[in-house]
Amino acid sequence: MLKLVVGVLGLTFVNAPISVAQQGIDPVLYEQGQQLYQENCALCHQDSGVGDPPRFPALSGNDQLGDPARIVRSIHSGRRRMPPFPRLTAEEISSLANYVRNAWANDFGGVSTGDVAAVLEGLGETGPMTSIWDGVYTEAQATVGQAVYSGACGICHGRRLNGAPEDPDMRSTPPLARARFLRVWDGRSLATLFEYTRATMPEDNPSSLTDQEYVDVIAHMLTVGGMPAGDDELQPDPRSLARVVIRPQP
Amino acid sequence: MATKGDHPGNDPKLKNEKGLNRRDFVKTGVAVGLGSGALLEPDQAQAQVAATGAQDAQNIVWDYEVDVVIAGGGCAGLTAAIRARDLGASVLVVDQNFDLGGRMLHSGALVSLGGGDPVQHRDMKGESDREGLITVAPAEAPEELDDSVDLLFTDLTDWSVVDPKAQSPYRYNERELARSWAENCPATRQFLIDNYVRFTRISGTHGGGGLSRARAARCFLMLGNKTDMKAGTITAEDAGVADPERTSSFAPVQMNNSSRSVAPNAVANGVALARPLEFSAREKGVEFMLHRRFDAIVREQPFAGKVLGITAHYSPRQHPETGQLLQSYWQNGNIDERRETVNIRARQAVILASGGHAGNPEVRSMFYPALREPAFPTSGIALQGPHGQDASALIAGLRVGANLAGMQQNVSYQTTFHISTRLGTRDAYTTMMPGHPTFGFRASAGVNVGNTGFEEFIAVNQVGKRFFSEVRLPARPGLSRYPGDGGAPGQGLKHTPLDWRNCRKEWVRQMYNYDHGLDAALAMNEGSQPPDYYSGPLWAVFDQDAVERTGWELRYPYVSDNGYFFKADTIEELAKKIEAGHEFQRVPLSYLAETVATWNGYVDAGADPEFEREADAPMSRIATPPFYALSIMVIWHDSYGGLRVNGRQQVVDMQGQVIPGLYAGGEAVGGFNKHGLGKGHVHGYIAGTHAVAEPSS
């Protein structure tokens, strides 16, 4: 369902920044914001900004975007089911804010990078960034995750996590390991993966696993994908998960 | 059968167990005495019958006599058998295979019924099953389960619903069939429960199972110390879950973890449906004659009068390695009959439940000539053997004057024919592991690469040319549904039945998502020769780097030296090996080396001008030996067209009149585009009910 909507609406509604210059918004910032939006936000909020309420709120026509500080806090620290994006810089957040406040039917005006930096300063440090290749889960956790996976995920995503369902009547699903997975998720954090999965999966009963089970399944995905295990378990905490980036093997 | 053996210069390499042979088919017809005169004018056909005299109903010698004879011991047949037996009839089931269950046994056991059935009620109330095995909460909200016969009937006949291929199967369901089916769904669910079938929580709805409510549940057993249908337990060995690469004679397809929809240690698939029903049927005294292919109906007169019985031929299935006659898992109730031909008298009725025509390339060509290509079998060919889904009911029905219905519906469901992502095996619909006695007929489990696996190779036709964007080849359109693409209920998709907007062209344009790779795969090419112009087999060609990228396990039991997997140090040698070793490779892959060289050029240039692969996925050179080829199979899975029946499952002739004493159900019938097991069970239930009300003669 989601894929279809992205495809269909993406074609129909993605708007060019025509009116941007007239509103006095820096077109370079806006364009950078659009790029960042597609990489980081469109997964849930959609290219068209309509989201998928109630699980993913609409940004198009969302009056809460009128408060720039709220945007900065949401992006940097997360908000309810929205994962934090701690590695985005003040300039990146500012370009994102410029984009979402003025894209689609929105007309909330520009935000300066200086203003964003001021809000960010008040939010404090978030800790170092790591990647999925840095031993972010334990072997024991992956074993637990495998059991959860085989009950909740395996029939659709396949025992090899390659998106080949165990039931041949089912259509293929997105792979959860290896090249295609890394390509699609490249640059996103485990917090995004965690929150997206928790909000949408299992498809017939989303959010029906415990938070611990969701991270255990992620540990299983990482081990099948060849990422090394480490000494510490992956925690079901969006703030720590947000510091683990998904990227191809270095 | 028009393998390469029919072409000069090629040696026939056919083993015994191959797709239906056209010459055998004709021979069989002659043996019954009707030749190939299936659609002759009545007087001509009668003359032919009179000339051979083989089917003189007055003088026929009956070898067996029972109240109800059922052709086929699968989903519809076993259900009909138990139902008729429950109502007091003596019942004999003949089945061409060595064991019972038909394709129900290798299915996923997703049984979509509804109409306010007992499992819907159970889940609405949040209750467990009656044995208390289910410990998880319902997966669907009560409003998704709030169903009625009228709503189900509306969904089954909703004229407004098309699928993302812009096809419209629902529009043409026979109203009477749909009504009768909907009315009998709740009773059939209870009937299955009463015969040891245990249902998981309801989750979604089966494709073709209706649009607006959640109606599908799978069947489960609990892992335990012994395999016991009464207790609902199965050993890990029998379930095929003790060893990831082994299954059992009990379960041709390894069972799936069903802990999320039942409780820890629950396993599910068709085994948990077929085996309990078979157990119950045997316990209740249904009799079975296995290894016996039904092939003719005996009617008082060829096109008039009551149906009296059937003729059936010995069709022994032997172990592929030892040659021993295969034995069914359970024996009680079996009649060991090995005469070539037996005539079986049915005092009350004959029920045809011998499946569809997906395994008979000649009959398939009636609807889609490209799939007369015998290289592509139906699903479950190893399990079912050469006579599985061989159109026996359709052919025998036509010979006594039956009409057909809903033939166009064969092209309207996503699984009917598609390209499987399971490569390197002839039986590419399911994964079967060693341990089931028919594994040797396929000899490899296959490598299920998923849709994304198609990014890793080039796909070539029988002359070694690419024919489509590989990435788009296995894509299947979604299910009939508006709005959306066939997701489960509970996702906020508000379907309004009978709303013209469901099929307005703007919406159809938006949701159309079919790439027609399958049509390209079946197209003629330079190797297509008259008179059949077969498209020939398809090959996934890749190199050692692809194996490194994907981790595909190219070893037994996933692949074997069975003509569906090849490995060579050069592309030229690979082409030669395929030509020499594959039973349907009738011409050399003359272009393969050139195709690979061209492809590598495209990879270097970053663009594929022929099929625009670069738009969908990265492209990788095929340059590091060894080189590999895995078969890609087009599968015709199931049948939606077949014998015309009324709402009592009585077969109807070409004048619209009921053929007295003849019933049919499941994939043998047409006019009711409903995918899956629910169709067959309800048909069996209805047919069994009415068959025993026939006067005894």
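1. A definition to start with: a residue is buried if 20 or more other C-beta atoms lie within 10 Å of its own, exposed if 12 or fewer, and partly exposed in between, with C-beta atoms placed from the backbone. Asn562(B) sits in the loop between helix 17 (544-550) and strand 19 (565-568) of chain B; helices (H or I, at least four residues) and strands (E, at least two) are DSSP runs, numbered from the N terminus.

2. A word on the model before going further. This is a predicted model, in which local features need pLDDT of at least 70 and side-chain atom pairs count only at pLDDT 80 or more, while totals for chains, interfaces and linings use all residues. Residues are numbered from 1 along each chain as its sequence is written, and chains are lettered from A and ligands numbered from 1 in the order in which they are written.

3. Back to Asn562(B) and its surroundings. Leaving aside residues up to four places away in sequence, Asn562(B) touches Ala443(B) and Ser444(B); a contact requires C-beta atoms, placed from the backbone, to lie within 7 Å. Gly424(B) is 138 residues from Asn562(B) in sequence, yet their C-alpha atoms are 9.0 Å apart in space.

4. Chain B splits into domain 1 (54-103 + 282-415 + 637-691), domain 2 (107-273) and domain 3 (420-636), with bounds from an automatic or database domain assignment. Between the centres of domain 1 of chain B and domain 3 of chain B, taken over C-alpha atoms, there are 33 Å. Their contact takes 22 residues from domain 1 of chain B and 25 residues from domain 3 of chain B. Helix 11 (residues 381-384) of chain B gives the largest share of the domain 1 side, three residues. That side has twelve nonpolar, six polar and four charged residues, where Ala, Val, Leu, Ile, Met, Phe, Trp, Tyr, Cys and Pro count as nonpolar, Asp, Glu, Lys and Arg as charged, and the others, Gly among them, as polar.

5. Now for chain A, which has twelve helices and two strands. Its radius of gyration (taken over C-alpha atoms) is 19 Å, close to the 18 Å that the globule rule gives for 250 residues, so chain A is as compact as a globular protein of that length. The rule is 2.2 Å times the number of residues to the power 0.38. Of the 250 residues of chain A, 43% count as buried.

6. Chain A also has domains: domain 1 (19-121) and domain 2 (130-245). Their centres, taken over C-alpha atoms, are separated by 27 Å. Eleven residues of domain 1 of chain A are in contact with eleven residues of domain 2 of chain A. On the domain 1 side, seven of the residues are nonpolar, one is polar and three are charged.

7. Finally, how do the two chains meet? The contact takes 25 residues from chain A and 32 residues from chain B. On the chain A side, helix 1 (2-13), helix 7 (139-152), helix 8 (154-157) and helix 9 (178-185) each supply at least two residues. The residues on that side divide into nine nonpolar, eight polar and eight charged.
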